[in-house]
Amino acid sequence: MSGVSVLVVDDEPAIHRFMAPALAANGYEALRADTGTEALSLVVNRRPAIVILDLGLPDMDGKDVIRSLRGWSEVPIVVLSARDREIEKIEALDLGADDFVNKPFSMGELMARLRAALRHRMQEKGETPILRLGDVEIDIPRHRVLRAGAEVKLTPKEFELLAFLARHAGKVLTHRHILREVWGPANEHDTQYLRVYVGQLRAKLEADPANPALIVTEPGVGYRTGE
Amino acid sequence: MDPTRADPEALLAAAEREARGKLRIFLGAAPGVGKTYAMLSAARAAKAAGGDVVIGIVETHGRAETEALVAGIELLPRTNIPYRGRLVPEFDLEAALERHPGLLLVDEYAHSNVEGSRHPKRWQDVQELLAAGVDVWTTLNIQHLDSLNDVVQRITGVRVRETVPDMALKKADEIILVDLPSDELIKRLADGKVYVEDTATRAVQSFFKPSNLTALRELALRQVAARVDSDLVARMQGSAIQGPWAAGERLLVCVGPDMAAERVVREAKRLADLMDATWFAVTVERPGHVMATRDRHRLEAGMRLAENLGAEVRSLVASDVPAELLRFAGFENVTQIIIGKARRWSLRAFLRGSLADALVRAATGVAIHVVTADQPEPAGRGLPRLPQAGPLAGYVVAPLGVGAATLLGLMLTRVVALPNVSMLYLLAVLMPALLYGVWPAIIASTLSFLAYNFFFIDPVNTFTVARPHELLALLTFLIVAVAISALAGRSREQARLAAQRMRATRRLYEFTRKLSARPDSASVVEAAAIELHAALGSASVILTTQKGELAIAAAWPPEDRLDTASMTAANWAFDHGEPAGAGTGTLPSVPWFFRPLTGAKAGTPIGVVGIERTAGVPALDAESEGILGTLAEQTAAALVRTQLSAEVTQARTAAETERVRNILLASISHDFRTPLASILGAATSLIDYGVDIPAPARRDLLLQMRDEAENLDQMVRNLLSMTRLEAGALDLRRDWIDVVEIMNRACSAARRRGATQRFVVTAAPDLPLLRADPSLMDQALGNVVGNAVRYAGPQARIGLSATVIDGQLVIAVTDDGPGIAPDVLPHVFEKFVRAVRPGGDGGDGSGLGLAITKGIVEAHGGTVAARSPAPGQRTGTRIALRLPLEPAAPAETEETP
């Protein structure tokens with residue numbers, strides 16, 4: 001993984017102070033930006049593999065940074081945000097952020113998210129017809145799902161939902177995003193559909209449906225599909 | 001009805017009015033008071049404030065000062081309407097609707113459009129504009145108001161042809177009175193500053209007389225006064241003024257002094273409720289007719305009842321009762337009239353038919369309900385009451401006049417043979433009749449009759465009458481005398497009533513204005529008590545409920561207690577909503593007369609007003625009671641208003657508290673989260689990847705954890721200190737401390753936290769020691785330095801100095817940063833006030849630091865001050881802490897003066 005550069009955007013010097021050595025220890029090259037403007041120019045000039053972005057910046061709103069970046073870049077973005085700001089997170093995700101980490105966070109958690117986001121981006125580039133989620137194998141052209149080699153029967157809607165989640169593995173998807181893509185724009189707010197279908201998928205695919213590992217709930221935000 | 005809740009229908013009406021344009025009328029008493037000028041001045045201000053102001057039509061009449069105001073405002077061209085072979089320029093309604101400005105000025109509301117225009121009247125054009133959502137300002141003279149047309153003609157002798165229906169005035173959202181003293185107006189007229197078509201005409205001359213102008217001003221004032229308080233209350237309740245032309249039924253109930261009054265009112269209320277109708281309670285007073293006290297009480301009770309039940313009450317004055325009722329009904333668009341039929345037999349009813357009969361005969365397009373009394377009333381006094389006797393002088397003048405007439409007659413008959421000497425006696429009767437009223441006139445006519453009989457009728461010098469036709473002549477003469485005196489008396493009475501009403505109106509207007517300026521209920525009741533005292537000439541007291549109990553809120557002359565019996569009477573009046581105390585049926589031995597204060601809409605009283613009376617003496621006279629009633633109503637309305645505004649304030653305070661709490665939560669969560677994130681991030685880095693991190697970086701992570709923990713500790717200390725300061729529980733452990741030492745400590749603490757600025761510490765030589773709490777002073781100065789570090793910029797120079805000025809130790813922290821904005825400067829020592837950082841998000845720091853510094857310094861008996869720019873600099877901030885020095889400094893230091 002050596003040589004992969006990570007851009008950290010935060011106006012708090014303290015955050016950079018502890019992130020730099022930890023990122024270096026994990027083999028990343030840390031780039032530092034204290035403002036949104038600085039971040040945008042660094043993405044252009046240094047082409048980092050991933051961006052860690054704090055939403056409260058002195059010169060512009062972190063969400064505006066996402067908006068500008070998404071106009072021309074597919075770089076994965078992991079947002080740093082306060083636990084109590086669900087709306088902000090949802091907005092950031094809807095604007096195209098890949099994942100978020102609540103402040104304060106443990107370094108291990110942040111590293112895991114970075115890995116997942118990077119891997120997901122690579123998988124996306126592959127466009128394989130067969131997707132994998134843990135021990136679940138999804139054969140898109142044949143509409144078949146195998147769990148540990150045994151076929152699992154899914155309704156067309158369940159399959160569609162699962163395929164959509166698997167295609168975006170490692171990324172947090174907001175309720176609205178999933179509903180819009182799978183059920184259509186008219187059903188954007190019918191979260192109850194989503195809860196019912198996710199429950200059914202978990203019952204059919206998870207080893208322990210009470211403690212899901214494949215489809216994980218992000219309370220108040222949406223779902224994250226397991227690594 | 002709960003007065004504190006907005007009536008949903010009123011809100012709906014308000015919403016409808018929102019969509020409509022707003023109408024503002026500049027109302028004047030006469031041409032030339034400066035309405036157009038006032039309107040244009042206001043319009044210029046509105047335009048300057050960014051409004052989309054357009055002049056639809058304005059008549060400048062060539063006045064230069066007015067024309068100067070027009071310049072610069074967009075002007076709609078007039079349209080030319082062909083009329084009788086020529087083109088008449090008129091206001092262009094089409095163009096105005098097309099242009100659809102934010103605010104349109106349309107002069108002369110009462111103007112009649114030339115034939116061929118869309119509407120016959122300009123006020124109708126305005127209504128259309130309002131309906132289209134255009135705000136309109138217009139001007140109006142009071143004499144153009146329909147309902148006042150007759151009054152104006154009576155006053156001025158000039159018939160005004162262009163009139164505006166009253167509802168067109170009522171629909172105004174705002175009325176602005178443009179007033180000018182009569183003398184000044186006449187002077188303006190003489191100077192040619194007032195435009196009238198032909199200044200020389202007699203009509204104009206008779207119009208612009210001081211007496212006329214005063215009367216017109218009175219009328220205008222009255223119109224505006226009628227709106228003052230009701231407007232305020234209506235606005236605060238979130239309700240619009242009731243639309244006077246609401247669709248559906250409108251009832252009118254005639255209230256008279258008979259026993260059926262209450263029953264009729266209740267019946268009307270029942271009908272109004274059934275039909276969901278607006279209803280009026282009306283009483284018509286005949287000029288010159290003086291009511292017995294008992295009747296007046298009944299009438300007033302009926303009217304009060306009607307008002308409490310939600311009627312709009314009106315008191316009209318007219319000789320022809322049915323005609324006046326129907327005029328009012330037509331004017332107010334009344335659809336049904338409810339009237340009581342008294343069973344009392346009266347000569348009047350026998351001769352002329354009852355009021356009900358008269359109404360039925362004359363009414364068109366109105367339904368009439370007649371309500372009968374349950375019980376026949378006991379017969380009244382046998383004789384019809386005569387008007388009140390005049391003053392004593394009349395009884396002296398009457399015989400003198402008759403004597404003079406007799407002498408003159410005797411002298412004249414010596415010279416010439418007069419066919420009818422009685423004419424002289426008519427003069428003798430007429431004079432007291434005109435001047436002193438009916439009783440002196442009757443005495444004069446009786447005396448004249450006797451004198452004429454004695455001196456001039458054969459047989460002369462006896463009271464016997466020889467010829468029957470002479471007797472007839474004498475009787476006719478008596479009747480004529482009485483009739484004339486009655487007539488004269490009536491017109492005098494009418495004038496007196498009018499004057500009295502005008503005085504009362506003026507007084508009421510003043511009072512209402514006074515009350516509406518009072519901000520809280522305490523000052524309202526105080527003003528009311530003083531006004532009552534002034535109006536009625538006796539001590540007054542106002543009681544309101546305080547903590548569920550009736551207690552004195554104000555009294556004049558000032559008084560803070562009432563005896564037990566009086567309190568009982570006051571409570572009784574409050575509980576029953578009826579008068580009590582002296583002159584009433586309840587506790588008449590009490591030396592006070594109490595009357596409940598009832599809010600305009602609320603059914604329950606909000607307090608009691610008391611007037612001091614000698615115990616056992618009859619109640620107030622009708623006039624005083626009327627004044628008391630009116631003042632009490634106004635006071636109640638004003639109280640309701642202040643209560644509403646107090647509630648609004650309370651809600652605002654609650655919202656403010658909530659805001660502060662939210663800021664506290666937000667700042668605490670933000671300020672605590674950053675150091676916590678650093679500590680957790682550094683710690684987990686060491687745990688998970690410690691092996692892969694080089695040793696110097698590992699040490700730096702550990703140092704970071706320590707620094708951030710210290711940061712957290714500082715914040716916790718600040719929060720705790722704030723709490724203790726606010727609770728007044730700060731306990732000072734004073735000790736002798738070296739100020740230079742704490743200044744140095746503050747700098748090194750700031751550097752440890754990553755401050756990059758340059759610190760310069762200076763101190764006066766021989767600086768005395770300070771006796772203060774060392775850890776609190778560290779905190780106080782540390783916060784000021786921290787503030788400078790945060791806001792002055794990374795390259796700033798921060799100076800700390802200590803000097804002694806006027807026996808006080810002054811510690812100043814000066815920076816050369818950008819300084820504090822002038823609007824923030826006065827608030828820097830308040831809690832949760834944070835400046836916006838240069839290029840920052842302003843969301844830094846808890847906003848507590850300087851507030852805590854202030855608290856600590858004040859706890860030591862000192863003061864704090866902030867200046868920006870710092871003295872002697874163009875930018876920067878200087879924060880100075882002044883602390884008192886104790887004279888008993890330790891021996892080793894010399895105190896410097």
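Contact here means heavy atoms within 4.5 Å. Helices (H or I, at least four residues) and strands (E, at least two) are DSSP runs, numbered from the N terminus. The model is predicted: local features need pLDDT of at least 70 and side-chain atom pairs count only at pLDDT 80 or more, whereas totals for chains, interfaces and linings use all residues. Residues are numbered from 1 along each chain as its sequence is written, chains are lettered from A and ligands numbered from 1 in the order in which they are written, and side-chain values use heavy atoms, with hydrogens and water left out.

**Stop one: chain A**

Select residues 175-182 of chain A, helix H7, whose buried residues are His175(A), His177(A), Ile178(A), Leu179(A) and Val182(A). Buried means under 20% relative accessible area, exposed over 50%, and partly exposed in between (1.4 Å probe, protein chains only). Next, display the elements of chain A against which these buried residues pack: helices H4 (86-95), H6 (156-167) and H8 (191-205), with strands S10 (172-174) and S12 (222-225).

**Stop two: chain B**

Select chain B, which has 26 helices and 25 strands. Of its 897 residues, 44% are buried. Among contacts in chain B with a separation of 6 or more, 69% join residues 24 or more positions apart.

**Stop three: Asn783(B)**

Select residues 774-791 of chain B, helix H25, and find Asn783(B) within that helix. Asn783(B) is buried, with a relative accessible area of 9%. Leaving aside residues up to four places away in sequence, Asn783(B) touches Gln714(B), Asn718(B), Gly849(B), Ile852(B) and Thr853(B).
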